[in-house]
Amino acid sequence: MMATKAHELDELNAVDLEAKLREAKEELFNLRFQAATGQLESHGRLRTVKKDIARIYTVVRERELGIRVAPGQDSNKDGDA
């Protein structure tokens, strides 16, 4: 899995974002477990997954604040052209 870009996250709806967050957290847990047991080969992956999680949280928060628009929503809320 490659690093997720913010514009890729923009295309996901809230349910998909939640699933991606859960998946990333699970991977982070597994990577930390491997690191603790000395089995981790790619330490860079740990950093990448942490950054992906932060990116997902940022997109979710910006949608709450109205900075980003979820897919399927009109970016122009008040109807003015």
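Which residues make up the largest nonpolar core?

**View 1. The largest nonpolar core of the predicted model.** Twelve residues in all make up this core, namely Leu9, Leu17, Leu21, Ala24, Leu28, Leu31, Leu40, Leu46, Val49, Ile53, Ile56 and Val59. The elements that give two or more residues to the core are α2, spanning 14-36, and α3, spanning 43-65. In soluble globular proteins, nonpolar side chains tend to be buried together.

**View 2. Surroundings of Val49.** Leaving aside residues up to four places away in sequence, Val49 touches Ala24, Glu27, Leu28 and Leu31.

**View 3. The buried residues of helix α2.** Leu17, Leu21, Ala24, Leu28 and Leu31 are buried in α2, and the buried residues of this helix pack against α1 and α3. An α-helix has 3.6 residues a turn, so residues three or four places apart point the same way. With 23 residues, α2 reaches 33 Å from its first C-alpha to its last, which is close to the 33 Å expected at 1.5 Å a residue.

**View 4. Confidence along the predicted model.** The protein averages a pLDDT of 87, and 88% of the residues score at least 70. Confidence is lowest in helix α1, residues 6-10, at a mean of 84, whereas it is highest in α2, at 95.

Definitions and conventions. Residues are numbered from 1 along each chain as its sequence is written. This is a predicted model: local features need pLDDT of at least 70, side-chain atom pairs count only at pLDDT 80 or more; totals for chains, interfaces and linings use all residues. Side-chain values use heavy atoms; hydrogens and water are left out. A nonpolar core is a set of buried Ala, Val, Leu, Ile, Met, Phe, Trp, Tyr and Cys residues joined through side-chain atoms within 4.5 Å. Buried means under 20% relative accessible area, exposed over 50%, partly exposed in between (1.4 Å probe, protein chains only). Helices (H or I, at least four residues) and strands (E, at least two) are DSSP runs, numbered from the N terminus. Contact means heavy atoms within 4.5 Å. pLDDT is the predictor's confidence in each residue, from 0 to 100. The expected span of a helix is 1.5 Å times one less than its number of residues.
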